[in-house]
Amino acid sequence: MISKKLANLDSRIVYAVVFLSILLPLWRPLGLSISVSDGTLKVHGLLNALSQDDTVIVSPSFTPSTEAEVYPQMEAVLRHLLSRNARIAFACLNVESQIYAEESMAALAPEFGYEYGVDYVILPFTPGMETAVAAISNNFLGTYPRDAYGTPLTEIEAVTGIRSVSDFALIVDFNTGNTAIYYIQYANPRGVRVVAGASGVTVPYLTPYLATGQLSGLIDGMRGAAEYESAIGYPGEALAAMDAQSLSHASILALIGLGNGASFLSKRGDARDAEQKKQSYGGELDE
Amino acid sequence: MRQLIELCALFSMLLIAVIYGRDYSRTGTMPIRRLPALDSVDEAVGRTTEMGRPIHFTTGTGGMVADTFAAFAVLEYLAKKTAQYECALIVSNADPVVHPITENIVRAAYHAQGKPESFKPSNIRYHSDSMLAYVSGVWGIMEREKVAANIMMGYFFAESLLLSEGGVRTGAFQIAGTASTPQLPFLVAACDQTLIGEELFAAGAYLTEDPVRIGALMAQDTAKIASIGVILLGALAATVVSQI
Amino acid sequence: MSRDPGIWTAALLTLVAWSYLLKQNILFQAVEHLFVGISAAHAMTVAFTNLRDTCLRPALSGEWTVIVPILGGLLLYTRFVPKISHLSRIPLAFTMGTAAGVVMTGSLGPSFIQQVSGTMVPLNSPDNAILVLGTVTTIAYFLFGRKSRSGVMDCAAKVGRYVMMASFGAAYGNTVMMRMSLLIPRIRLVFGDWLGLLP
Amino acid sequence: MKLTLASLITLVAGITVVADYFVAAPVINHAASTFTQWSVMLSAFSTALGGVNLLAVHKKRLSQRSANWGLSVILLASMVAWLVIGLSLGTESSVYKFIWDNVYSSLSSTLFALNAFFIASAAYRSFRVKGIDTLILLVTACAVMLGRTGLGEAYRMPEIADWLIRVPNTAGMRGITIGGALGAISVSARVILGLERGYAGERRSGGSYQ
């Protein structure tokens with residue numbers, strides 16, 4: 001009887017289990033350790049190799065719906081970049097990009113003594129995604145005569161000496177779509193390395209480029225953000241959320257196990273069910 | 001050069017489609033194998049009619065894309081069936097361009113069945129082009145109007161799981177169909193029947209037995225066999241080249 | 001507990017949205033209607049601004065070609081006038097035609113030709129072999145003809161179905177983390193920012 | 001007469017856009033880009049049409065005092081108020097922004113986040129071993145889930161998960177994409193050629209319905 005009840009568990013119990021598995025570790029962190037993946041290590045290594053004169057393009061190309069995953073990645077990477085004293089140019093491919101650039105620098109710049117114009121610059125929004133990336137790669141100065149606030153780029157110290165995209169040391173794209181692929185297609189052939197931080201949904205489309213070396217590093221979802229935080233030794237929001245991630249996954253796995261066990265037991269006790277099971281529908285999921 | 005090859009391929013597909021279509025018109029033997037997921041559309045209509053509750057149809061937030069075009073054929077069939085069985089059909093839309101088109105389709109279907117008076121324009125609803133406002137609107141319909149079957153065909157984004165779990169909560173019988181690869185896993189998990197990828201594009205031909213659509217589907221089959229051949233030969237050739 | 005009215009509003013709305021999980025209720029329905037109303041009005045505001053910038057302004061400055069879409073757009077509204085409602089089909093026919101053209105060319109290049117050519121990889125590793133065979137058998141699954149799907153192809157189609165199931169399972173598992181990532185900030189908002197219970 | 005005009009327009013618009021892909025003639029390229037621009041403008045007109053539609057439906061519900069007419073009041077009131085604010089004060093005003101951030105965005109994210117619960121309940125329900133299909137679904141999903149968290153570290157689960165995503169997932173998705181593309185090409189060709197005209201509310205000549 002119990003097995004039957006378990007097999008047809010009310011969805012609300014499932015919701016409650018998921019809810020608690022996230023809330024409890026946020027309330028009382030467990031401090032589970034995580035290993036740092038190869039893709040994240042590569043990004044970390046590249047950033048560590050930067051010198052003080054290097055300028056890096058950071059492209060916040062994500063949208064509010066995936067902010068929760070990608071923003072912590074950008075925060076961790078920026079923290080690392082700022083600690084390396086690298087100069088930064090923010091390229092904005094989305095309408096929201098500029099807000100993310102401003103927000104993140106407002107939080108980090110005071111701590112590292114970064115100054116707008118001297119150490120970093122925010123470039124204006126360029127619509128067109130693929131065409132925009134192609135334009136940046138083919139003619140950087142032509143695409144950006146001015147920064148996002150109307151100052152001519154020639155007057156901005158952060159990008160002195162930059163003539164074309166190949167003068168940058170690295171491009172870091174934080175995305176939920178195809179923007180990293182565009183950078184790989186247009187900027188990478190001009191000799192600038194591209195790394196990406198991406199939402200879990202996008203990662204499967206990017207891994208092939210990691211294998212061919214066109215992409216030099218890849219941070220994967222919230223776990224990637226947590227890995228980066230642990231790599232730079234600055235535990236932030238993502239690392240704090242990893243316990244919740246692990247526990248919620250564990251709770252789903254446990255529920256699946258429970259459901260299977262229960263339905264197996266209740267089926268074994270019910271011969272008629274077994275008969276019904278045999279009536280398999282030609283091509284459909286074996287219901 | 002590449003374009004020329006593509007153009008030739010397109011025209012040969014067209015030619016094959018015409019040949020198969022004519023063949024079907026002449027012989028009348030259905031060349032398509034059974035597709036259980038599509039047979040369940042009739043089951044859904046039967047079930048809702050029996051229960052005296054409405055059936056719900058939506059094309060997702062994808063807008064004017066191929067999946068939606070294919071879904072129109074399913075809607076056309078569904079509307080004829082519901083008109084025939086006097087069962088209420090509610091259509092939810094998230095795209096303002098798709099909305100008037102679905103209204104036209106349903107109206108024409110009711111007219112074709114000789115039941116123009118049973119057509120209620122207020123049952124073809126536009127919610128919002130914001131995904132989540134649309135989702136909450138559909139949830140409202142599912143619960144308030146006690147929808148007994150929910151048919152989701154078209155192109156879906158993250159609303160796929162929200163809509164299908166909403167349907168599960170109200171106990172609706174659900175059929176989904178999309179070629180949107182990122183959403184397919186959720187629909188397969190949450191719905192009773194799912195048309196995977198190209199199966200959605202086969203729906204029109206299968207349900208309506210229209211010679212044009214059947215011919216086109218057979219031409220697609222030919223193209224698939226050709227691509228299988230090309231991939232295998234290409235892979236073998238690449239292997240040989242890589243060994244040299 | 002927070003004193004910020006913004007956080008209060010957001011937190012209370014979050015609670016209402018969660019209440020749907022327990023049971024559909026009148027509070028949730030009220031919020032649902034509020035939400036649909038706001039988003040429809042927002043869409044209309046954006047549409048008006050768009051039309052002003054892309055149609056009206058160019059038309060007034062002498063760019064006569066935009067008269068065509070303006071007329072077409074107005075024809076859409078004839079559907080409210082029963083006698084001439086058939087005229088609304090004209091702009092719809094146009095949109096349908098362009099959309100179909102875009103879909104056709106878009107599917108031909110990136111989704112068909114490039115995917116087929118991308119699968120022609122040398123069979124020099126188990127991964128590549130699985131990739132090629134997996135793709136080919138999945139294509140075979142989509143053979144609809146009684147004749148074309150028989151014999152070898154039928155066996156291939158069965159394998160293709162398993163490949164698809166593996167692929168769905170993997171994609172499903174991979175998305176769980178992303179979905180959870182979205183819930184974490186909402187829980188932080190309610191229990192942290194609003195109630196002040198989280199560290 | 002009116003029917004043929006509609007299908008002629010579809011044909012011309014469709015052929016132009018397709019020709020743009022195959023031919024590099026400036027006239028056609030220009031026409032195709034103009035056509036796509038026009039259809040973007042037409043969809044802006046449709047968005048407003050959608051709003052008008054919503055107004056009409058709920059006004060009717062209100063005047064007929066049908067069930068839940070109170071909800072229609074909420075919808076109409078919020079819609080009108082929001083339109084007035086948006087059009088008079090503009091989308092940059094502080095009132096608009098406050099409501100946008102705390103009501104609209106907040107509700108959006110919360111509703112979107114409900115997916116977290118649903119992904120769990122759908123998995124609980126459908127990942128039951130009933131045959132080979134569901135067994136494969138279950139095993140791959142669980143393996144990837146283990147690999148994506150700190151749980152399966154010791155058993156090289158992250159590597160296995162990566163492999164599952166990279167190889168079988170790519171193969172399956174690619175096969176589906178190829179089939180789907182063929183279906184898309186075929187259905188859009190029929191639309192352009194006027195063989196799929198249900199959309200215009202016409203009766204097609206070929207179809208045979210029982």
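**Close-up views of a predicted model**

**View 1. Domains of chain B.** Chain B is assigned domain 1 (1–30) and domain 2 (32–208), with bounds from an automatic or database domain assignment. Their centres, taken over C-alpha atoms, are 30 Å apart. This is a predicted model: local features need pLDDT of at least 70, side-chain atom pairs count only at pLDDT 80 or more, and totals for chains, interfaces and linings use all residues. Residues are numbered from 1 along each chain as its sequence is written, and chains are lettered from A, ligands numbered from 1, in the order in which they are written.

**View 2. Helix α11 of chain A against helix α5 of chain D.** α11(A) (residues 237–268) packs on α5(D) (residues 132–148) at about 155°, axes 10 Å apart. Helices are DSSP runs (H or I, at least four residues), numbered from the N terminus. Axes are lines fitted to C-alpha atoms over the stretch in contact; angles run from 0 to 180 degrees between N-to-C directions. α11(A) and α5(D) are therefore roughly antiparallel (angles over 145 degrees). A:H249, A:I252, A:L253 and A:I256 meet D:L138, D:C142, D:M145 and D:R148. Contact means C-beta atoms, placed from the backbone, within 7 Å. The contact residues comprise 6 nonpolar, 1 polar and 1 charged. Nonpolar covers Ala, Val, Leu, Ile, Met, Phe, Trp, Tyr, Cys and Pro; charged covers Asp, Glu, Lys and Arg; the others, Gly among them, are polar.

**View 3. Chain C against chain D.** Chain C gives 92 residues to the contact, chain D 96. On the chain C side, elements giving two or more residues include α2 (26–60), α4 (89–118) and α6 (152–194). That side has 54 nonpolar, 33 polar and 5 charged residues.

How values were computed. Parallel < 35°, antiparallel > 145°, perpendicular 65-115°, else oblique. Contact = placed C-beta atoms within 7 Å.
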